[in-house]
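Please open the structure in your viewer and keep the selection tool at hand. The tour below moves from stop to stop, saying what to select and what is there.

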Amino acid sequence: MSDDLELVHLTKRYGDTVAVADISHRFPSGAYVCLLGPSGCGKSTTLRMIAGHESVSEGSILLGGLDISHLPPAKRGTAMMFQSYALFPHLSVRDNVAFSLRMKGVERAERNATANQMLELVHMSAFGDRLPAQLSGGQQQRVALARALVTQPRVLLLDEPLSALDPFLRIRMRAELKKLQRELGIPFIHVTHGQDEALALADEVVVMNNAVIEQAGPAREVWGTPRTEFVARFMGGHNVIATPSGKVSFRADETRISDAGLPATVTAVEYQGASVAMTAALDSGEELLALLPEETFFAAPKNPGEAVRLSWDERRANRLQA
Amino acid sequence: MNAHRTLFGWLQATPLALVMIAFLVAPIVMIVIVSFWGATEFSIYPAFQFDNYQFLFGSPVTYKVFLATFKYAAVTWALTLLIGFTVAYFLAFHVRSQTMQIALFLLCTIPFWTSNIIRMISWIPFLGRNGIANTALQNWGLIDEPLEWLLYSDFSVILAFVHLYTLFMVVPIFNTMMRIDRSLLEAARDNGASGAQILRHVIIPLTKPGIMIGTIFVVTLVMGDFVTVRFMSGSQSANVGRLISNDIALLQYPSAAATAVVLLATVLIIIAVLLRFVNIRKEL
């Protein structure tokens, strides 16, 4: 049985506002997918519609060829991990994980055994008797993960799962999420507004903006060849300029200071360790970012206000469609 | 430096401590002292004797009246909890817009703009022998003669209690319910819980502190009441409050004080037992 998840002309309206406008997309099976976009772009609404916590205005959601758009959340074969984890504060970690089994009427001994297995999977066996309030953010997240996985979902939905963690923990937890996804082999659909998070995790990145999908594809493709100006700017690391034949983007790390380039005035210099981020304004007013290797920059340092010439490889420039 | 800070701390606590001592501790101490005094038909005199308590615990009336008081408290508690929980649940989970929530909530408090006594007495023309209720039932042909138990009965006493005190259940329960993270309900649904299961396994456990605060309100109010029982039972039923008020009317202050001390102890024990079940501290 195929476990492909597919959205067909999916639309969500709240009165007159359209939160998700007629999107169609097929998620590759067994992949880690990141739904990426700025806040209010419709990514969370899309996820919540897949989970069944938001009704579908039009269109359908297919899982394994079956229309699940109108099934209750627990009957869909999806499980959701909530942004704030939504652990039941009055139940122990083990009871939290076993909650869905208890609702199904599974005997205590059996459901505790299953819950313990799940806790082992997320390395939380030692904490079974604690209450959620006695755990750190990262530990709570693992428990939430175990609680979602105990239902044996065919698709795991994660709503900004890392946003409540501090930066160090975030990087560690995302590595664990990725590892877990590989072990389980089920698709993870992960909503995030952080492009670095999406690039680090995703097999496929789906960039959303203004209620529609701007671009979807493998992470390298989306970052390397953005289709629209929005994607180029949102993914970062790119410059967009208007040329007579339309807008093009080119990589900031391939933008160089050279005598052959366009004249520009340096507006800001930021030291970033391995590289230096130099922003400069062209005469046309367009701002360009150049990520210069640290050594090159400090061989001939520039200060804000100085005139420079910037160049890039025209052949590697990427033509934008919008 | 440290001593200075300690002194400052004491000074900060002093005003409230003085208020508490003057208006709470001192009167209770006074009542306890008077409860050991002696009394004759026409005078009371300072003493330290256990006569009042001996009489109180020796009289079968005491046990009967305490039992009646417990009964009123228990039935009123059960009914106010049922109604209060339902109202709070409706307000917190079914009314979506916050404006509407606040409007409906204020609506609940409107009866409190009039005094207790007036709200209570307004039941009398409704429930009386020839009152609205009996007349209407007779006109509809549901009954042939007036129902006698509508007024001046345990029914009318409890009806008045429920009417007066349900809001004291609604407010704390509504308050705790509003603090429940809505994503918990979604998480429960995601885990396959039905509406009834969400109520039983998520909402009720998380509302317990509010239920407990409401319970304390209602139980202490009913246990200490004497007006409602007098008016609504037509002086046919008694509770501990009436026992005390009768003693006072007869100027038997020592005896009234002794009954008050026993009542106070009883209520404190009930509350202590309730607090063992639920930790309400995080709600305060």
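Is Leu292(A) buried or exposed? Before selecting it, note that this is a predicted model, in which local features need pLDDT of at least 70 and side-chain atom pairs count only at pLDDT 80 or more, while totals for chains, interfaces and linings use all residues. Residues are numbered from 1 along each chain as its sequence is written, and chains are lettered from A and ligands numbered from 1 in the order in which they are written.

**Stop one: Leu292(A) and its sheet**

Select Leu292(A), which is buried, with 22 other C-beta atoms within 10 Å. A residue is called buried if 20 or more other C-beta atoms lie within 10 Å of its own, exposed if 12 or fewer, and partly exposed in between, with the C-beta atoms placed from the backbone. Leu292(A) belongs to strand S15 of chain A; strands (E, at least two residues) and helices (H or I, at least four residues) are DSSP runs, numbered from the N terminus. Leaving aside residues up to four places away in sequence, Leu292(A) touches Ser275(A), Val276(A), Met278(A) and Phe297(A), where contact requires the C-beta atoms, placed from the backbone, to lie within 7 Å.

Now show the whole sheet, an open one in chain A whose four strands follow the order S15-S14-S13-S16 with antiparallel pairing; two strands pair if DSSP finds at least two bridges between them. At its edges are strand S15 (287-293) and strand S16 (307-311) of chain A, each of which pairs on one side only. Neighbouring strands of this sheet are turned by 50 degrees against each other on average, direction ignored. Strand S13 (residues 256-271) of chain A is joined to S16(A) by six bridges in the antiparallel sense, and Arg256(A) has Ser311(A) as its bridge partner in S16(A).

**Stop two: a second sheet in chain A**

Select next the open sheet of three strands in chain A, with the order S11-S12-S17 and antiparallel pairing. Its edge strands are strand S11 (238-243) and strand S17 (318-319) of chain A, and each pairs on one side only. Between strand S12 (residues 246-251) of chain A and S17(A) there are two bridges, and the strands run antiparallel; look for Ser249(A), which stands opposite Asn318(A) in S17(A).

Most residues other than glycine have a negative phi. Glu160(A), however, has a positive phi of about 40 degrees although it is not a glycine. Find Glu160(A) in the loop between strand S7 (155-159) and helix H6 (167-184) of chain A, where it counts as buried because it has 21 C-beta neighbours inside 10 Å.

**Stop four: helices of chain B**

Move to chain B and select Leu251(B), in the loop between helix H12 (240-249) and helix H13 (253-277) of chain B. Leu251(B) is not a glycine, yet it has a positive phi of about 60 degrees, and it is partly exposed, with 13 other C-beta atoms within 10 Å. In H12(B), the buried residues include Val240(B), Leu243(B) and Asp247(B), and the buried residues of this helix pack against helix H3 (60-94), H10, helix H11 (227-232) and H13 of chain B.

Which angle do H3(B) and H10(B) make where they pack? The angle is about 145 degrees, with the axes 9 Å apart; axes are lines fitted to C-alpha atoms, for helices over the stretch in contact, and angles run from 0 to 180 degrees between N-to-C directions.

**Last stop: where the chains meet**

Show both chains together: their contact takes 14 residues from chain B and 16 residues from chain A. Helix H9 (182-190) and helix H10 (195-224) of chain B each supply at least two residues of the side of chain B that touches chain A, and H9(B) gives the most to that side, with six residues.

Notes
Contact = placed C-beta atoms within 7 Å.
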